[in-house]
Each structure stands twice: as structure tokens, then as C-alpha cells.
Amino acid sequence: MLYKVFLIKYAEIGIKGKNRYIFENALCDQIKISLSRVEGEFQIRKEMGRIYVEALSDYDYDDVIDALQHVFGIVAICPVKIVDSTEWETVVVETIKYVEEVYDKQNFTFKVAAKRANKSYPKTSPEICMELGGALLDSFPELKVDIHQPEVMITVEIRKQTNIYSVVIPGLGGLPVGTGGKAMVLLSGGIDSPVSSYMIAKRGVKVDAVYFHAPPYTSERAKQKVIDLATQVSKYTGEIQLHVVNFTDIQMYIYDQCPHDQLTIIMKRYMVRVAEALAEKNGCLGLVTGESIGQVASQTMQSMAVIEEAGNMPIYRPVIAFDKQDIVNIAEKIGTYEISIQPYEDCCTTFVAKHPVTKPTLSSIQKSETHLVKKIDEMFARALDTVETIVIRPE
Amino acid sequence: MEAYLDNAATTKVLPEVKEIMMETLEEHYGNPSSMHSKGVEAEKYIKFAKKEIAKSLKVEEKEIIFVSGGTEANNQALICGAMANKRSGNHIITTKIEHASVYNPLVYLESQGFRVTYVDVDGNGKVNQEQLVEAIGEDTILVSVMHVNNEIGAVEDIAEIGEKIKKKKPGILFHVDAIQSYGKFKIFPKRMHIDLLSVSGHKIHGPKGIGFLYVKDKTKVLPLIYGGGQQKGMRSGTENVPGIAGLGKAVQLAYADFDAHIAHMYELKIFFIDLLNKMEDLTVNGIDGIDIENTAPHVVSVTVDGVRSEVLLHALEDKNIYVSAGSACSSNHPALSGTLQAIGLEKKAVESTIRFSFSRFTTKEELVYTVETLEQLVPVLQKYVRR
């Protein structure tokens, strides 16, 4: 049996009070965008606190489920059988037919759950459950009722029409992208920053990204790797504006003027400054990084405090307290891990000192930065002027 | 200006090669195994290519097997040559400077119970012949030596080695990886005692995805690919007619006007090395105390003190100069070059080595431009290193 309709369940959006319609509309938009990559014609309907995706043409079931499983805000996807009648005899016949069509063997334990939106319906919910359960037992002798832990929960909803469903496919959860503002991710090419992008987007935040390119110390392939990562992440977040900053001059200047053990910290402070300028220009409300406490010298609490001081915007760090393995697990789930482990250098590793500072003090770093006053403003402006912006869309 | 100096990696397809390939794609697209005239037309291209190749090597047409490229040729020669002769013994001899497509099949054979001896080379990459001959024993069945090394351009004395091997034990199979040498040298397997010879199409301005294995008549070698029995069962699968036709044309052109082409490349090499020698902190590898004519005409390996090869490569790329790093290295997992280590380079030098490689179309102007660019870049890059 080919389902014509999918019932979309969402959780958190349901409790957002007067703003609820904003969230529902955003979810409908995101579903539409995601389905636009699937062959077929679909209509998305909002109806009495429900969202339905209806197929108006032939479609590939797996492709549709996959598309819906990339949309934040969806808790579950239920392929549903719609019966254009609430007349009791029809409901009974169609429910039996449903069980026959959906399951190869009718030998499981089950329970019927009934919901009435139409409270004037002649039968109460418990009556619907009991009578439908009885009718199913009569039709399929190998079925057994288990009201505590049924293998199959058959839901029958009496509304203007009757919805019958029993298959529940988990969604990603979270909130629809676009409901939580916009942020600028510092995307490196490593494992952590794509995961951070995914996590912040899961809370409804739209993301832009900035990548610091340092030719000839980083190669075209390193840049392509970041584009590939952004493309993979965009399957979840939707379109991403990727800003590629040429960072070589600034990096070399810092190398010339500042103590080497402070190189990474000062470099990162300039990355924050550049990212913030781009964020302001593009309406972002904060920066996002893949930092995790203690992972490298520049990710100690002392280092991060000094780096953060360079800017004014909040810096969000979704994986701050995650172990590496936990980050890797998410990266594998969202398909960025395989891309991240390609061995191309990013600009942070090229000149990293053998023994970088792990507990920098703000005053010493600020003092070093005074060596940069002569040229840094001009270099900073040039870096911003020469930004290459690439629009990344899911493939 | 643009200077493509990575011809040992791959070369540009010639217009004549493209043309003959287009004929086989658009017009004579039949399956050479088909009984009808379309099949016969397609087969003519295969005959043409075989004839050109056989002529260049002075061998019989039936001794040529078309394969997907150099890697497949080496795999079939080594794995299928060893397997076919395992009753006679399990010992194989090779050198320490072989390409991965020789080295890795041998590693596989080691896992299957074969024993492999890796012979040393000197500072110029010349194989130690005494050691090689010494290593031949009762159970030795196969010797594999590359003709021209891809990283430094060392040339092995194949005829001499072949003669010594056969003198000590006539039954040994002698395989030569000629992927970097075919088209640059005249190779005559019969006079050089070669039983198996691997060649790739795209190193000589032919297409990618085609190559051949020369198998001396009556040599015991098994197929690597089984199927419909094409090429007398030695390499099943519908023949890659466009590739084979393109290869045939490339071979024809490589050996037409051959002496002039080679003289041009040696002239370039001497000219280039003279310019490089005027620069500080640069060392040309593999030419210590030997005539340039005793090295490959198209490969120049250079170590630049204090500059990582990958960085120099990208800096040159920015000036439209395309070269290879002497080793496939990344900061986290340095996979150091076997050849460069074998000729005695320190780890640091290995990481600072790049390879320039010419074609017969390379010009002096390109090389002058390259040296000028190096003069600008090297001092700057030397300043910025990891401390």
C-alpha cells in the first residue's frame, strides 16, 4: 500500500503559546525546502494543530522519509491512512483493511489508541478502542492484545475524516531553522566545527560560516574540504553562506612580530575579530565554534577567555563539554566525519609552536598585540575586502 | 605564464590522440568481438595500436596485452607471474625504490607465503647489482626492477641486469616497470632479457585508463581478470577501444622524431640544472658524479633547504607553475618517500623535496620563468617555518 499522506509530529513547538504559528510556519517552510530535493509533488497542510504532508504525485517512499528526517523540529513522521468518512461501519472495515495491508503477518501484540477531535461523535474513546480491538481480534485470530507493552500501537483519530496509523518514524527533534536567529560558525575543516554547526542549527538557528584560508600554507584541497563539509551540514541547516577569508598576511605578520608560543592565541583573537565583523555585516547574533575544554592548548579555559575578549559578540560552543568520542559519534551520524578526516592542513596547524602557551594572561597577549599596530588595521580591512562568499546548497 | 612541470604525473593528450579516440566514439563504436562489420571496424583500431607498440619494442603483436594502466600491468605481472610459477619457488627480488604499484602487490604476495628481497640503491638511485645477483637462489622465481624511477629519474641498466640474472638462473622471470621510461628510451625486451614489461598510456600524451603489459611468448603468467575470454583469455572484458586507439597514436608519435625529442629534453634538463645550481640552498638529487645523459631526460628532483615541499608546491601553483612534492606528506601522518630515503636523504630533506618533470613540449622560457619564481619565493618561505 502506498501512503498518500504523512502526519508530522512536533513537540516543543506545540507549547510556544502565541508564537506557535511562527514556529509552525517555519516548520512548514523547512519541510517544503527539504522536499524540493525529492522527485514528486507535495502539499503541506496545517490543520487543527497538525501538519500533514500529502503526496500529489508518485514519489519514492525512502526519499521522502530521508528528506523529512533532515528537518529540525520534527519529532516523528507517521505514514497515515486517511479515510474520508467517520461513519462507524466504515471505520471498522478500513481499520481491518489497514492491518491487513501494512503487516505481512498479523501475529503481533497490539493496542488500539483512539482520539476524538469531534467530541459529539456517538462513541467515546474507550468504546472505540474496545470495539475496534474486538473487531481486529475476530478478523485475525493470531493477534493478541497487550495494553501495557504492545508491539504495535494502532492509532485511530476521528476528526473531520479518520486517520489510521501505526508506523512511527523518529525525526531529529529540535526547532525549525530560522526560528532562533542567525549565527556565524568558524568552520575549520576539523571534526568539531561541523558538529557545532549542526547542534546550534538544531535549536532553530540559521548558520553562516567563515573559513580562514592561508595559501600557500593551506591548499585548494583544504578549502574544497571545507566546502564539502558545509555542503553536508547544509542538508540539515539549509543554505549556508560560506565566507572564505584570506588570512595569510595577518598570520605572517603575527609570526613576524609576536612570540611564537602565543601565535595560536593571537591568531585566534584575530579570527574572532574578522568573524565578528562578518557576522555584524550579515545580521548574525553570535559566533559559534567547535571548541571543547582542554582539547588543545588554545582550548583551555584560560585560553578561551583570552580569545573571547577580542570580540563583543557572544561565542556559542555547543560541544564545550563533550568528549572527543561523543563529538565523533555525532559527526558520523550526520556524515561529516569521513570528510573531516581527510589529511589536509588547516591554517591553525601550519605554524603551531612546539610548546604553545596553555595559560595565557590577557595582559601579556595584549602587550604582544601592540607590536602589530603598524600594519594590522590595513591588513584587517584588506582581509574583509577580499572575502569570497560561496553559497552552499545541499546537493 | 603557465608552466606545467608535472609530466611524470600525467601528460596532456595530443590533438591527434583525441581525434582518433573521437572516431572510435562517434563512428566506429562497435564491439570488437561482434561478428558484423561494426565489430571489424573497431578491431582495426586494436590492430593498429598493437602494430605500433610491437614495432616500438621490436616484439610480436601477440605479446601485447591491453590493460587499464600501469598499476594493472604491474599487478598482473607480479601477482599472476608469481602465482603461475609458485611450483618453482617462492622467492622474489626487487629494489628499494619501486613505485607503490609494484611494492604493494609484493606486500600482498608476502602475505600469501612469498619471500621478497629488497635490494639497496646508491645515492643516485642505481641498484646494487652485485647484491641483486647475490640474492638469487634456488627458489627465486621473479625479479622486478623499474627502468626509470619516478621520483628522481634514476635509470637502471636493464640490459646488464637482465643478462646477469639470466646467466645465473635462466628460468627466472624478469619484470620491468617501464611506466616512466617508455617513450623516453628505446626499449628492446628481447635484447634486454625482459619477460614482462609494464607501460601506461597517460605518461606519453595518451589517455588515462589504458596501458599494456608485454608478455614474452611462452611466459607463464595467469590472467588477473576473468570473464568473456577477450585477448586470448589473458585479459577479459570488452576492449577499451578509444583508449587503445589513443594509446596506439600516442606511441606512434612518441617514437616518430624520437631522437630530436629526447635531445631537446636533455638540453632542457642541463639548462635547468645549471640555473638551479646558481641558487643557494638548493640541491638537485640523483646526479652526483654522473652524466645527465645517464639519468632520465624528464625528471629533476630538487631539495630546497628549510621549505616544506607542500608549501612550495602551493606557492608555485599560485604562479601557475605545477609540480609534485617529492613525497606524499601531510603534517600529521608523514608517509615519507621510499625512494628519497633509499638514496640517503634525511627526513627533513625528504620533506623539502619537489619534483619537476618535463615533456617534449616544455620550453626554455617556462624553465626560466620557474627559476625566477623560485628565486622570489624561496627566501620568503624559508623565513616562515614551524619553530
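Mentor: Let us begin with burial: a residue is buried if 20 or more other C-beta atoms lie within 10 Å of its own, exposed if 12 or fewer, and partly exposed in between, the C-beta atoms being placed from the backbone. Helices (H or I, at least four residues) and strands (E, at least two) are DSSP runs, numbered from the N terminus. This is a predicted model, in which local features need pLDDT of at least 70 and side-chain atom pairs count only at pLDDT 80 or more, while totals for chains, interfaces and linings use all residues. Residues are numbered from 1 along each chain as its sequence is written, and chains are lettered from A and ligands numbered from 1 in the order in which they are written.

Trainee: Which way do the residues of β7(B) point?

Mentor: B:L196, B:S198 and B:S200 point one way from β7(B), B:L197 and B:V199 point the other way, and all are buried. Because five of the five residues of this strand (196-200) are buried, β7 of chain B is largely enclosed by the rest of the structure.

Trainee: Which strands are joined to β7(B) by bridges?

Mentor: Two strands pair if DSSP finds at least two bridges between them. Strand β6 (residues 173-177) of chain B runs parallel to β7(B), with three bridges, and B:V176 stands opposite B:L197. Strand β8 (residues 211-215) of chain B pairs with β7(B) in the antiparallel sense over five bridges; there, B:L196 has B:V215 as its bridge partner.

Trainee: In what order do the four strands of the open sheet in chain B lie?

Mentor: The order is β9-β10-β13-β12 in chain B, with antiparallel pairing. At the edges are β9 (282-285) and β12 (324-325) of chain B, each of which pairs on one side only. Within the sheet, β10 (residues 299-304) and β13 (residues 353-357) of chain B run antiparallel and are joined by five bridges. B:V300 has B:F356 in β13(B) as its bridge partner.

Trainee: How should I read the packing of two helices?

Mentor: Axes are lines fitted to C-alpha atoms, for helices over the stretch in contact, and angles run from 0 to 180 degrees between N-to-C directions. Angles under 35 degrees count as roughly parallel, over 145 as roughly antiparallel, 65 to 115 as roughly perpendicular and the rest as oblique. In chain B, helix α3 (residues 70-84) and helix α4 (residues 100-111) pack at about 30 degrees, their axes 9 Å apart. α3(B) and α4(B) are therefore roughly parallel to each other.

Trainee: At what angle do α3 and α4 of chain A cross?

Mentor: Helix α3 (residues 88-102) and helix α4 (residues 125-139) of chain A cross at roughly 50 degrees, and their axes come within 10 Å. α3(A) and α4(A) are therefore oblique to each other. Two residues are in contact if their C-beta atoms, placed from the backbone, lie within 7 Å. Here A:V92, A:T95, A:I96 and A:V99 in α3(A) meet A:L132, A:A135, A:L136 and A:S139 in α4(A).

Trainee: How far apart are the axes of α7 and α14 of chain A?

Mentor: The axes of helix α7 (residues 248-257) and helix α14 (residues 373-385) of chain A are 9 Å apart, at an angle of about 160 degrees. That makes α7(A) roughly antiparallel to α14(A). The contact involves A:D249, A:I250 and A:Y253 of α7(A) and A:K375, A:I376, A:M379 and A:A383 of α14(A).
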